[in-house]
Number of protein chains: 2
Amino acid sequence: MPSADRRLQPRRKPRQVRAELTRERILASAAHIFAEHGYAAGTTNHIAEHARVSIGSLYQYFPNKDAILAALLVRHIDRGTWMQADELDMSPGSLETAVRAMVRDAIDNHSDDPRLLRIMVEEAKFSQELLDTIDRHGKIRVGQVRDLLSRHPDVTVADVGVAAELIQFTIEMNTHKLMAAPRTIAVETFETELVTMVTRYLRGP
Amino acid sequence: MPSADRRLQPRRKPRQVRAELTRERILASAAHIFAEHGYAAGTTNHIAEHARVSIGSLYQYFPNKDAILAALLVRHIDRGTWMQADELDMSPGSLETAVRAMVRDAIDNHSDDPRLLRIMVEEAKFSQELLDTIDRHGKIRVGQVRDLLSRHPDVTVADVGVAAELIQFTIEMNTHKLMAAPRTIAVETFETELVTMVTRYLRGP
DNA sequence: CACTATTGTGAGCAATAATTCAACTCTCTG
DNA sequence: CAGAGAGTTGAATTATTGCTCACAATAGTG
């Protein structure tokens, strides 16, 4: 593990499609492995192997291991997380419908992303600027939920901001657990109960 | 980092007080160092040094590095289950009181060392034995909650088992997040909202 | 086709970490 | 207090990992 002044630029930029594909495979594998086994367990050799690319190629496009994580982060931010925005903006139905949409969204969308993002935030040593960006994004998501709540007439909760944070996280983690652990209960049952819990909370007594 | 067939048992169990003390010092140091610098940075040599114990001694009582983290985790889980049992047994008041007791319990349990707990959850390599232990404890806790729910007259939920699982996990994870992440909201606010959510869910409309 | 630029390969180096073991010291017991 | 077993030590060994580099393979081009 050499720790000296590390190169900041890759030694090569993809010019042919083939190369772009290689780079892409590496990133995809890294995302998968980091999310699945954590940052430390995701060794560069491991990533290269999973991407079916030689370790040398990996180091053509990424100057070091941290740069891979950084690239994933940049990509995530570039893409934006506007899927949820779409869902929420056009859900003017009942409160239960809106909540159900959120839960469905979480189930569908429960990709590597949430866990990967957490790893990025907690493991990587990044510039303050990047960290702020991550933080801002999290706040945006919660903000979207908060807007929905304050727009809806049925919501009788004391502090909409706190409620938004609470239900956002609750839905995300419960979904994650459902998908990760060996299935104890049916997805439909789970969905119904989760929706019920959140809805009853928001609607109040 | 050898990964071959690793010894599962320590080569020695403490028989004299002196040895028990050594083991204890190692665990304490490990907890401290893991919490402070992360799992990867907490090398066995580092731990031994901090505990003022030779590296050889460390390997007398722990077959490998993972076993240290596992021991810390098991200890934490043991304590948690035991505490919850106490709390729930003697909480015959209102439903809200009982739920509040659960939440308080979770908060207490996490206040020790949130960062260490995070590391345990995210970095520990779970042997089958450890997984079984965790699973067993999880079932015990859910069982305790289920009993409480079915005993309580105010609970109007369809399936008590599912509800127990849902609220147990929800409380645990939300608390975990609260303590691990930089504080966004006050603990009291959080407690109130979480209690409200769970209570409203259980009580129904 | 030949020639060049780009891309891909993987054995192996250097640094660091995990783990072992033979020799030692300390405690206990008869 | 002697012998046996328990506990301790830390230099030496083994394993892992981030990363390099000399070379091979493939694509682009006139």
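**Exercise 1. A loop residue**

Which residues does Phe62(B) touch, not counting residues up to four places away in sequence? Then say where Phe62(B) sits in chain B and classify it as buried or exposed.

Solution. The model used in these exercises is predicted.

Step 1. List the contacts. Phe62(B) touches Pro10(B), Arg23(B), Ile26(B), Leu27(B), Ala67(B), Ile68(B) and Ala71(B), with residues up to four places away in sequence left out.

Step 2. Find the position. Phe62(B) belongs to the loop between α3 (55-61) and α4 (65-89) of chain B.

Step 3. Classify the residue. Buried means under 20% relative accessible area. Phe62(B) has a relative accessible area of 2%, so Phe62(B) is buried.

Step 4. Look along the chain. Leu8(B) is 54 residues apart from Phe62(B) in the chain, and the C-alpha atoms of the two are separated by 8.8 Å.

**Exercise 2. The make-up of chain A**

Count the helices and strands of chain A, and give the share of its residues that is buried.

Solution. 

Step 1. Chain A has 10 helices and 0 strands. Its pattern along the sequence is therefore written α-α-α-α-α-α-α-α-α-α.

Step 2. Chain A has 205 residues, and 45% of them are buried.

Step 3. Take the contacts in chain A between residues at least 6 apart in sequence: 72% of these join residues at least 24 apart.

**Exercise 3. The interface**

Describe how chain A and chain B meet, starting with the number of residues in contact.

Solution. 

Step 1. Count the residues. On chain A, 27 residues are in contact with 24 residues of chain B.

Step 2. State the area. About 2700 Å² is buried between chain A and chain B, and carbon and sulfur atoms give 62% of this area.

Step 3. Count the polar links. Between the two chains there are 6 residue pairs in polar contact.

Step 4. Assign the residues of chain A to helices. On the side that touches chain B, α7 (113-123), α9 (160-180) and α10 (187-203) of chain A each supply at least two residues. The largest share, 8 residues, comes from α9(A).

Step 5. Sort the residues by type. This side of chain A holds 12 nonpolar, 7 polar and 8 charged residues.

**Exercise 4. Salt bridges**

Find the salt bridges across the interface of chain A and chain B, and explain why Lys177(B) and Glu165(A) join two chains.

Solution. 

Step 1. The rule finds 2 salt bridges across the interface, while the count over all chains is 14.

Step 2. Take one pair. Lys177(B) forms a salt bridge with Glu165(A), with the closest N and O atoms 3.9 Å apart. Lys177(B) lies in helix α8 of chain B and Glu165(A) in helix α9 of chain A, so this pair joins two chains.

Step 3. Compare the accessibility of the partners with the cut-off. Lys177(B) is partly exposed because its relative accessibility is 28%. Glu165(A), at 17%, counts as buried.

Step 4. Take another pair. Lys177(A) and Glu165(B) meet in a salt bridge of 3.9 Å, N to O. Here Lys177(A) is in helix α9 of chain A and Glu165(B) in helix α8 of chain B, so this pair also joins two chains. Lys177(A) is partly exposed, at 28% relative accessibility.

Step 5. Turn to a pair within one helix. Glu96(B) forms a salt bridge with Arg100(B), the closest N and O atoms being 3.5 Å apart. Both lie in helix α5 of chain B, 4 residues apart, which is about one turn of the helix.

Step 6. Look for shared partners. In chain A, Glu96(A), Arg100(A), Arg104(A) and Glu191(A) are joined into one network by salt bridges that share partners.

**Exercise 5. The nonpolar cores**

How many residues does the largest nonpolar core have? Name some of its residues with the most contacts inside it.

Solution. 

Step 1. In soluble globular proteins, nonpolar side chains tend to be buried together.

Step 2. Give the size. The largest nonpolar core has 56 residues, and those with the most contacts inside it include Leu149(A), Ile167(A), Leu202(A) and Leu202(B).

Step 3. Name the helices. Among the elements that give two or more residues to this core are α9 and α10 of chain A and α8 (160-180) of chain B. The largest share, 8 residues, comes from α8(B).

Step 4. Examine one member. Leu202(A) touches residues including Leu95(A), Val99(A), Leu149(A) and Ile167(A).

Step 5. Note a second, separate core. This core has 28 residues, including Ala51(B), Val53(B), Ile68(B) and Leu72(B).

Methods
Residues are numbered from 1 along each chain as its sequence is written. Chains are lettered from A and ligands numbered from 1 in the order in which they are written. This is a predicted model: local features need pLDDT of at least 70, side-chain atom pairs count only at pLDDT 80 or more; totals for chains, interfaces and linings use all residues. Side-chain values use heavy atoms; hydrogens and water are left out. Contact means heavy atoms within 4.5 Å. Buried area is the accessible area (1.4 Å probe) that two parts lose on being put together, summed over both. A salt bridge is a side-chain nitrogen of Lys or Arg within 4 Å of a carboxyl oxygen of Asp or Glu. A polar contact is a pair of N or O atoms within 3.5 Å; within protein, one must be able to donate a hydrogen and the other to accept it, and residues adjacent in sequence count only if both atoms are side-chain atoms. Ala, Val, Leu, Ile, Met, Phe, Trp, Tyr, Cys and Pro count as nonpolar, Asp, Glu, Lys and Arg as charged, and the others, Gly among them, as polar. A nonpolar core is a set of buried Ala, Val, Leu, Ile, Met, Phe, Trp, Tyr and Cys residues joined through side-chain atoms within 4.5 Å. Buried means under 20% relative accessible area, exposed over 50%, partly exposed in between (1.4 Å probe, protein chains only).
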